[in-house]
Amino acid sequence: MQSKTDVLVIGAGPSGSVAAAFLADRGYNVKVVEKTKFPRFVIGESLLPRCMVGLEQAGLLEGIKEEGFQEKFGAKFSRGDEFSDFDFSNKFSEGWSWTWQVPRADFDDALIRQVAAKGADVCFETEVTAVRFEGTTSFTTVKKADGSEEEIEAQFIIDGSGYGRVLPRLLDLHKPSSFPARKAFFAHVNDKNRPEGADKNRIIIRVIERELWAWVIPFSNGVTSLGLVGNPEHFDGKADKADFEKMVQKDAFLKQRFESGLDLVFEPKVIEGYSAAVSQLYGDGYVLTGNSSEFLDPVFSSGVTFATESAMVAAKLVDRALKGEAVDWEVEFQQYIMEGVDVFRSYVKGWYDGTLQDIIFASNQMENTKKQICSVLAGYVWDKSNPYVKKHHKLGVLAQVIRMAESEEN
């Protein structure tokens with residue numbers, strides 16, 4: 001079989017959905033191919049306020065509001081007996097001050113259903129097996145669930161395939177990540193002891209050791225996502241339920257929060273060596289968005305924000321390109337996206353070397369500084385009026401000042 005479309009979108013996750021929805025609304029023929037059948041499980045469940053911009057511009061926001069997902073207004077950090085709250089309404093940057101915490105199976109399914117309702121041709125259980133280009137025109141071979149094949153001719157490809165990383169694999173665009181291989185060990189828990197008050201609904205990031213931390217993400221359905229992340233040497237068991245509960249119960253805060261005998265929704269899962277990079281984000285006739293291009297670390301929930309941001313920027317540029325306008329993909333896409341990636345990269349590095357942890361838990365932190373850090377934690381990593389975006393590589397200087405001040409106080 002052979003078919004033609006204006007834009008082929010690979011992947012039906014948030015990145016693919018945002019790009020496909022935007023372009024379908026502008027009258028393009030859009031075909032989305034997705035290897036799996038939806039709904040399907042995927043990790044990355046705590047969004048950041050910045051991602052609301054892309055959802056709104058794609059015409060997907062109002063539909064998601066109707067789903068009743070858990071609203072998220074900030075984040076709480078915990079280390080030993082220390083606690084530090086970040087309220088997104090007290091951030092430095094203008095923009096959205098809330099978002100959601102979502103079971104991604106339900107969230108992604110709600111997005112792609114809206115995309116289909118906009119007229120895009122959405123094909124599940126359809127795997128990309130090959131691609132070739134003639135100039136900017138592409139010919140993509142896909143294999144369907146029944147074993148049949150189809151060749152899709154497209155004027156442009158947007159690869160939002162996430163961890164599948166379809167074009168990076170087929171076009172040999174992989175590049176080693178600058179981060180060491182870390183491990184995530186997680187499950188969903190029927191949350192019997194969910195506390196009242198603010199902690200009932202917000203994400204909590206718990207420091208267990210400097211390079212080992214846990215996430216606690218409550219959903220509106222009474223289930224909580226619970227995960228542990230760190231260097232592989234912190235995980236020496238069989239990665240089963242008993243090992244998961246043992247690690248949870250070893251930490252005083254988590255032990256108090258979750259009783260023994262965890263009521264798991266599914267057996268614990270493991271993802272290891274998840275950080276990824278590519279040699280380029282675009283080429284003649286294609287662009288990479290979301291996790292298919294660059295993934296850093298789950299610690300600040302940046303994944304869906306980069307997915308929606310890169311998808312919206314890419315979709316706007318594809319729209320212009322298909323209209324015959326000149327597009328500087330290097331400046332308008334690659335440089336722009338990598339500016340945000342590099343900001344978060346500095347914060348992730350600072351988290352694991354202890355620099356950012358000392359800033360977050362500082363007892364004498366200035367109000368303006370906290371607002372500026374809060375903006376980054378809310379995903380506003382392209383706001384260069386924020387000193388801790390513009391000079392993100394100087395977090396160590398701030399940490400040193402804080403340590404000296406605390407030393408003098410003691």
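This is a short walk through one protein chain, from its overall shape down to a few single residues. Keep in mind that the model is predicted.

Let me start with the whole chain. The protein chain has 13 helices and 19 strands. Its C-alpha atoms fill a box of roughly 70 × 45 × 40 Å along the principal axes.

Next, the inside and the surface. Of the 410 residues, 59% count as buried. The chain exposes about 16,900 Å², and carbon and sulfur atoms supply 46% of that area. Now take the contacts between residues at least 6 apart in sequence: 72% of them join residues at least 24 apart. As for charge, there are 48 positive and 61 negative charges, and their mean positions are 1 Å apart.

Now some helices. Helix H8 covers residues 303–322. At 1.5 Å a residue, its 20 residues should span 28 Å, and the end C-alpha atoms are 28 Å apart, so expectation and model agree. Is H8 largely enclosed or largely open? Of its 20 residues, 16 are buried, so H8 is largely enclosed by the rest of the structure. After H8 comes Gly324, which has a positive phi near 90°.

Helix H6, residues 241–250, has buried residues too, among them Phe244, Met247 and Val248. Their cover includes strand S12, strand S15 and helix H7.

Helix H4, residues 104–117, contains Ala116. Ala116 has a relative accessible area of 38%, so this residue is partly exposed; the cut-offs are under 20% for buried and over 50% for exposed. The C-alpha atoms of Ala116 and Leu395 are separated by 44 Å, and the two residues are 279 apart along the chain.

Last, some backbone details. Most residues other than glycine have a negative phi, and most peptide bonds are trans. Where does this chain depart from that? The peptide bond from Phe38 to Pro39 is cis, with omega near -5°. Pro39 sits in the loop between strand S2 and helix H2.

Arg165 has a positive phi, near 45°. This residue is in the loop between strand S10 and helix H5, and at 7% relative accessibility Arg165 counts as buried.

Ser301 also has a positive phi, near 55°. Ser301 belongs to the loop between strand S19 and H8. With a relative accessibility of 14%, Ser301 counts as buried.

Note on methods. Residues numbered from 1 in each chain as written. Predicted model: local features only at pLDDT ≥ 70, side-chain atom pairs only at ≥ 80, totals over all residues. Heavy atoms only, no water. Helix = DSSP H or I, 4+ residues; strand = E, 2+ residues; numbered from the N terminus. Buried < 20%, exposed > 50% of the residue type's maximum accessible area, 1.4 Å probe, protein only. Contact = heavy atoms within 4.5 Å. Areas by Shrake-Rupley, 256 points an atom, 1.4 Å probe, with all protein chains shown as cover. Lys, Arg positive; Asp, Glu negative; His and termini not counted. Charge placed at Lys NZ, Arg CZ, Asp CG, Glu CD. Expected span 1.5 Å × (residues − 1).
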